Amino acid sequence: MILVTGATGRFGSKAVEYLLKNGVHPSEISVLVRDAAKAGRLKEQDVQVREGDYADHTSMVKAFQDVERLLLVSSNDRGAMENRTQHHKNAIRAAVEAGVKHLVYTSFVRKPGFEGSPISSFQNSHVESEQYLKESGMEYTILQNGIYAEMIPVFIGDKVAESGTIMFPAGEGKASWVLLEELAEAAANVLTTDGHKGKTYTLTHTESVGFKTIAREISAVLGRNIHYKSPEMGEFKTMLENAGVPQLYIGMFAMWAEALAAHSLDKDDEALTMLLGRKPTSVCEFLKQIYS
């Protein structure tokens, strides 16, 4: 039995799809959801739907019964980072108590010296969770996922074609962007093949790309010049405020822009290529799909 947590979310639902594509019978797949009423599509796939919550240890112990391999998709709690860390620890403790044999955890990429990164609190939550998992005595695999390529259109907004300008304060920073779907596919491959116990994989692309290149690629797709400008952070925040963007999202955009500018996300690796059995989708290919 394989169980996927967070299965109504984008990552978890894609992981389930790839488990099925890999030939796992639906009767051998369980999913953990907070609300079974929202799991209609999963029920249609004939997988077992189990209710549980990262904040409720007892519910997870019950849900993890008879599970051999568990995909722990990291918490998306929007509160303090400590909440996410505790959620992960709760799930790991429940997995140990329920007798789960092998836990695969979706962590996040980091570089040496990450403690000074603008996203250090986010990364440290994963560091603490990884350490707790290693000390749990369970067999584990850690997937240090890179930043999603799907965030590029979010960061640059939906007016690029009209304005002809990308306004994002990432400076000369680059990232090793990867598709969420391909990360989920890699996770499913880990769950259905052997040789991954005790391994930590950095799942990023083999090349990092910055916003000058992104502007050039979008220009090629649209057939017009798109320019990249990295404004001062104050100017950027004022621009978003004037556009009516909520403060929560302004803070998020600023944090990731600062992380990119600080070269926190340009860690390239071959592991994703190995797990997929092919090169991951390039930023160029992704942008063609989005902007054509």
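## Two loop residues with positive phi

His-263 sits in the loop that links helix 11 (247-261) to helix 12 (271-276). Please keep in mind that this is a predicted model. The phi angle of His-263 is near 60°, a positive value in a residue other than glycine. Is His-263 buried, partly exposed or exposed? With a relative accessible area of 37%, His-263 is partly exposed, because that class lies between the 20% and 50% cut-offs.

Asp-66 is another residue to look at here. You will find Asp-66 in the loop between helix 3 (57-63) and strand 4 (69-72). Its phi is near 70°, again a positive value in a residue other than glycine. The relative accessibility of Asp-66 is 66%, so Asp-66 counts as exposed.

## How helix 9 meets helix 13

Now to a pair of helices. Helix 9 (residues 211-222) packs against helix 13 (residues 283-291) at an angle of about 45°, and their axes are 9 Å apart. The two helices are therefore oblique to each other. Helix 9 passes helix 13 in a right-handed crossing.

Which residues make this contact? From helix 9 come Ile-214, Glu-217, Ile-218, Val-221 and Leu-222. On the helix 13 side, they meet Val-283, Cys-284, Leu-287, Lys-288 and Tyr-291. Sorted by class, the contact has eight nonpolar residues and two charged ones, with no polar residues.

Definitions and conventions. Residues numbered from 1 in each chain as written. Predicted model: local features only at pLDDT ≥ 70, side-chain atom pairs only at ≥ 80, totals over all residues. Heavy atoms only, no water. Axes fitted to C-alpha atoms, helices over the stretch in contact; angles between N-to-C directions. Helix = DSSP H or I, 4+ residues; strand = E, 2+ residues; numbered from the N terminus. Parallel < 35°, antiparallel > 145°, perpendicular 65-115°, else oblique. Left-handed = near helix turned anticlockwise from the far one by under 90°. Contact = heavy atoms within 4.5 Å. Nonpolar A, V, L, I, M, F, W, Y, C, P; charged D, E, K, R; others polar. Buried < 20%, exposed > 50% of the residue type's maximum accessible area, 1.4 Å probe, protein only.
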